[in-house]
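These are my notebook entries on one structure. I record what I looked up, entry by entry.

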Amino acid sequence: MTQHFPTRQLRFFLTAPSPCPYLPGRFERKVFAHLPMSDGPGVNDSLTQIGFRRSQNIAYRPACEACVACVSARLPVEDYVFSRSERRILARNDDIVRSVVEAEATMEQFELLRRYLSTRHAEGGMAEMSWPDYVAMVEDTAVRTHLVEYRVQSDDGGPGDLIACALIDLMSDGLSMVYSFYNPAEARRSLGSFMILDHVVQAGLIGVPCVYLGYWVRGSEKMDYKARFSPIELLRPEGWVRMSSREALGPRG
């Protein structure tokens with residue numbers, strides 16, 4: 001499908017090569033553009049549908065010279081059937097209180113993010129994220145953005161401990177999971193998978209057809225989990241292609 005957006009407002013730039021964070025020994029380049037304040041949501045919708053991702057007021061996509069491993073992925077909400085293990089994850093977390101809040105950074109969120117990064121991504125590019133960096137990630141946006149906070153129930157009726165959080169863009173055709181993080185000490189809950197499954201549920205409730213997961217990178221341990229959701233839609237040169245988890249992952253060597 002041809003996507004139309006006001007290209008006269010956009011100038012695209014190409015980054016210099018830098019080490020790939022997902023596949024050792026490779027280098028990445030990105031093409032990016034600044035989202036216009038005048039029609040940020042519309043332009044972001046159109047760009048996301050053709051494989052871009054948003055970071056603050058920038059939309060970007062991989063533009064590597066000798067690699068096409070990064071593939072945009074989304075889940076089709078209407079046809080998504082929860083597996084037995086996914087239903088168990090949802091049931092395991094039925095004590096969590098879910099709240100949609102404004103895209104405003106809090107120190108409680110930031111402390112949870114720091115705990116998550118130091119445990120799960122200590123060597124990653126975000127490991128040294130500062131408080132101003134986090135505020136910018138959450139609040140510098142020209143699109144329809146909100147946060148979802150997940151808390152355990154408290155005994156006194158007040159807000160329970162924050163154990164997970166997701167930064168979400170509301171698009172015309174779905175929910176885009178910009179970034180999510182959680183308490184790494186709660187491994188039994190499978191909170192990363194739970195937040196994705198919860199957004200499939202929420203997308204169905206508000207009547208949007210897709211949950212955008214960002215990029216899946218085959219061969220990257222950090223990204224393999226995305227292809228375990230089935231069915232999944234991957235953006236190929238011919239457009240969005242639906243396939244099962246087995247088809248996406250292919251034969252294992």
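Which helix gives the largest share of the nonpolar patch? I found that helix α5 (residues 191-206) supplies three residues, the largest share; helices here are DSSP runs of H or I with at least four residues, and strands are runs of E with at least two, numbered from the N terminus.

I noted that the model is predicted, that local features need pLDDT of at least 70 and side-chain atom pairs 80 or more, while totals for chains, interfaces and linings use all residues. Residues are numbered from 1 along each chain as its sequence is written, and side-chain values use heavy atoms, without hydrogens and water.

**Entry: exposure.** I looked up leucine 205, which lies in helix α5. Leucine 205 has a relative accessible area of 66% and is therefore exposed (buried is under 20%, exposed over 50%, partly exposed in between, with a 1.4 Å probe and protein chains only).

**Entry: aromatic pairs.** I found twelve aromatic pairs (rings of Phe, Tyr and Trp, the latter by its six-membered ring, with centres within 6.5 Å; planes under 30 degrees apart are stacked, over 60 edge-to-face, the rest tilted). One of them joins phenylalanine 12 and phenylalanine 52, tilted at 55° with centres 6.1 Å apart. The two residues are 40 apart in the chain: phenylalanine 12 is in strand β1, phenylalanine 52 in the loop between α1 (40-49) and β5. Phenylalanine 12 is partly exposed at 38%, whereas phenylalanine 52 is buried at 7%.

**Entry: cluster.** I recorded one aromatic cluster made of Phe110, Trp131, Tyr134, Tyr179 and Phe181. Tyrosine 134 is buried at 0% relative accessibility, and tryptophan 131 is partly exposed at 31%.
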